[in-house]
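Here is a short briefing on helix packing and charged pairs. Please look over the structure first.

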Amino acid sequence: MSTPQQGSALERVRGLAREVAKFGAVGGVGVLVNLGVFNLIRHTTDLQVVRASVIATVVAIVTNYLGFRYFTYRDRARTGGSRELPLFVAFSVIGLVIENGVLYTATYGFGWDGPLATNVFKFIGIGTATVFRFWSYRTWVFKALPEQRSEPVEAAEVAAVVSSPRGGAAGASRAPEPAAK
């Protein structure tokens, strides 16, 4: 999975399927956290729908970062706080706007603010934002490690370098040939 361009098309598809499954597992936990915190806040406080949703989304983002870094993309390059975390936060905020924009439109644009409607549109917003998050996280945040040459250096390649007039130790110990007249 760390070298998605390496191997046959079938291997790449299998690697992508594993990545999607892991992303989905972490995302599934994030959805449960998101909806759970959202409904807990809605039923125990007087916060407005979108404010409760934003808080729940932030809690889910923290949960997801841990899952993505240490499970889904654990074999990817680690750039830590200097690159990875700021990009994750930036793309997560865009996802937060997408997710809560759907809920905002349904609630304040169409007046669909009952408990069932808010959960349905919260879920639709999560799904819409998930497509964006999957693409952005795998493309920009948790970048694949560069390909490594896995095949051993062939003996013929070494022999060619060593026996060339200017290459390797054998070429260095030979005296130059005299010029032809």
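Helix 2 passes helix 4 in a right-handed crossing, meaning that the near helix is turned clockwise from the far one by less than a right angle. This is a predicted model: local features need pLDDT of at least 70, side-chain atom pairs count only at pLDDT 80 or more, and totals for chains, interfaces and linings use all residues. Residues are numbered from 1 along each chain as its sequence is written, and side-chain values use heavy atoms, with hydrogens and water left out.

**Helix 2 and helix 4**

- The axes of helix 2 and helix 4 (residues 115–141) cross at roughly 35° and come within 12 Å.
- Axes are lines fitted to C-alpha atoms, for helices over the stretch in contact, and angles run from 0 to 180 degrees between N-to-C directions.
- Helices are DSSP runs (H or I, at least four residues), numbered from the N terminus.
- Helix 2 contributes Val 49, Ser 53, Thr 57 and Phe 68 to the contact, and helix 4 contributes Thr 118, Lys 122, Arg 133 and Tyr 137.
- Contact means heavy atoms within 4.5 Å.

**Helix 1 and helix 2**

- Helix 1 (residues 9–44) packs against helix 2 (residues 49–72) at an angle of about 150°, and their axes are 8 Å apart.
- The two helices are therefore roughly antiparallel, a term for angles over 145 degrees.
- The crossing of helix 1 and helix 2 is right-handed.

**Salt bridges**

- The whole structure holds five salt bridges, each a side-chain nitrogen of Lys or Arg within 4 Å of a carboxyl oxygen of Asp or Glu.
- Arg 76 pairs with Glu 19 in a salt bridge, with the closest N and O atoms 3.2 Å apart.
- Arg 76 sits in the loop between helix 2 and helix 3 (80–109) and Glu 19 in helix 1, so the pair ties together parts 57 residues apart in sequence.
- Arg 76 is buried at 4% relative accessible area, and Glu 19 is buried at 1%.
- Buried means under 20% relative accessible area (1.4 Å probe, protein chains only).
- Lys 122 forms a salt bridge with Glu 99, the closest N and O atoms being 2.6 Å apart.
- That pair links helix 4, which holds Lys 122, to helix 3, which holds Glu 99, across 23 residues.
- Arg 133 also forms a salt bridge with Glu 99, at 3.4 Å between the closest N and O atoms.
- Arg 133 in helix 4 and Glu 99 in helix 3 are 34 residues apart.
- Both Arg 133 and Glu 99 are buried.

Definitions and conventions. Angles under 35 degrees count as roughly parallel, over 145 as roughly antiparallel, 65 to 115 as roughly perpendicular and the rest as oblique. Buried means under 20% relative accessible area, exposed over 50%, partly exposed in between (1.4 Å probe, protein chains only).
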